[in-house]
Amino acid sequence: MGQTIRSRRLGSDLRQLRRKANLTAEAVGTELGFSQSKMSRIESGDVRVSRTDLKALLALYDVTDEKQITAFVEAAKDAKSRGWWIAYEDALPREYRDFIALEGTAAGIRTFEGMIVPGLMQTPDYTRHIITAGPAVLPPGHVDSLIKVRMERQSILDADQPPKIWAIVTEGALRQVVGGYAVMLDQLNHLARLTERSNITLQVLPFEAGAHAGVQSSFWLFDFPTDPSIACVANLTGTLFMEQTGQLNAFSDAFDNLRASALSPADSLTRITDIMDLMRRERDKRNPS
């Protein structure tokens with residue numbers, strides 16, 4: 001699967017432990033019989049560390065707390081796991097695979113979408129039109145694979161312990177008639193049904209909010225029980241993952257500002273219903289029976 005966010009984070013944590021123990025990478029390599037290349041690759045996340053090597057490193061770094069050792073072992077196990085998306089590896093860029101891995105293990109997801117309905121809340125028909133609207137000419141079969149991947153991602157919503165999802169979507173994204181009125185009405189109805197779930201909060205950022213904190217990009221914040229959060233921004237050419245404290249604070253502040261500017265969940269549902277009514281009238285006007 002290539003270098004993943006979890007591998008990089010584990011490597012970074014091990015590097016911090018080594019520095020805390022006042023050891024150089026060369027000294028650790030000599031003590032444990034690791035080559036300098038192996039030490040570098042472990043700490044950069046380019047190679048998955050084995051359970052035996054991990055415990056040897058922790059012992060050398062004088063890590064004796066059983067809870068901390070268990071946390072590192074579990075992190076290494078997660079970094080080596082191959083998710084369901086590996087079956088679609090040919091159709092998925094590495095960054096997208098990392099994104100799915102984070103999404104699937106997050107305890108909480110905060111997302112702002114300025115142009116489209118959030119992926120976890122899309123219907124198959126809506127997804128198809130979004131994917132095929134892009135400028136890239138996709139190889140045969142890739143469109144169907146990408147739709148299947150997006151639908152499979154939504155399985156986390158039905159997990160025994162689903163993540164808490166707080167989504168803010170602009171009114172413009174809801175009014176954009178993607179795929180025609182039938183497709184869009186089905187999509188909006190699906191959104192309305194999702195708001196009935198206790199783990200999902202949906203807010204609409206209305207036109208009347210004016211300029212807002214999300215004018216430059218859509219973004220996601222993945223929150224974890226013990227690990228620090230990770231922010232993510234995607235564009236036409238790739239996906240950026242940000243873990244620095246200053247970056248996370250900036251995105252968290254932006255999300256809080258957007259949440260304050262958006263309609264309440266109840267008023268958001270009313271706005272969705274109003275948009276659906278307007279679309280039905282427009283559809284009927286264009287296609288009188």
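Helix H7 passes helix H8 in a right-handed crossing, meaning that the near helix is turned clockwise from the far one by less than a right angle. Welcome to this predicted model, where local features need pLDDT of at least 70, side-chain atom pairs count only at pLDDT 80 or more, and totals for chains, interfaces and linings use all residues. Residues are numbered from 1 along each chain as its sequence is written, and side-chain values use heavy atoms, leaving out hydrogens and water.

Helices here are DSSP runs (H or I, at least four residues), as are strands (E, at least two), numbered from the N terminus.

| Helix | Residues in contact |
|---|---|
| H7 | Pro124, Thr127, Arg128, Ile130, Ile131, Thr132 |
| H8 | Val143, Asp144, Leu146, Ile147, Arg150, Met151 |

By class, this contact of H7 with H8 has seven nonpolar, two polar and three charged residues.

How do the axes of H7 and H8 lie? H7 covers residues 124-132 and H8 residues 142-153; their axes come within 10 Å and cross at roughly 130°. H7 and H8 are therefore oblique to each other (under 35 degrees is roughly parallel, over 145 roughly antiparallel, 65 to 115 roughly perpendicular and the rest oblique).

Now to the rings: the structure holds five aromatic pairs, with ring centres within 6.5 Å (planes under 30 degrees apart are stacked, over 60 edge-to-face and the rest tilted). One of them joins Phe99 and Phe222, with centres 5.2 Å apart and planes at 75°, so the pair is edge-to-face. Phe99 lies in helix H6 and Phe222 in strand S4, so the pair ties together parts 123 residues apart in sequence.

How values were computed. Axes are lines fitted to C-alpha atoms, for helices over the stretch in contact, and angles run from 0 to 180 degrees between N-to-C directions. Contact means heavy atoms within 4.5 Å. Ala, Val, Leu, Ile, Met, Phe, Trp, Tyr, Cys and Pro count as nonpolar, Asp, Glu, Lys and Arg as charged, and the others, Gly among them, as polar. Rings of Phe, Tyr and Trp (its six-membered ring) pair if their centres lie within 6.5 Å; planes under 30 degrees apart count as stacked, over 60 as edge-to-face and the rest as tilted.
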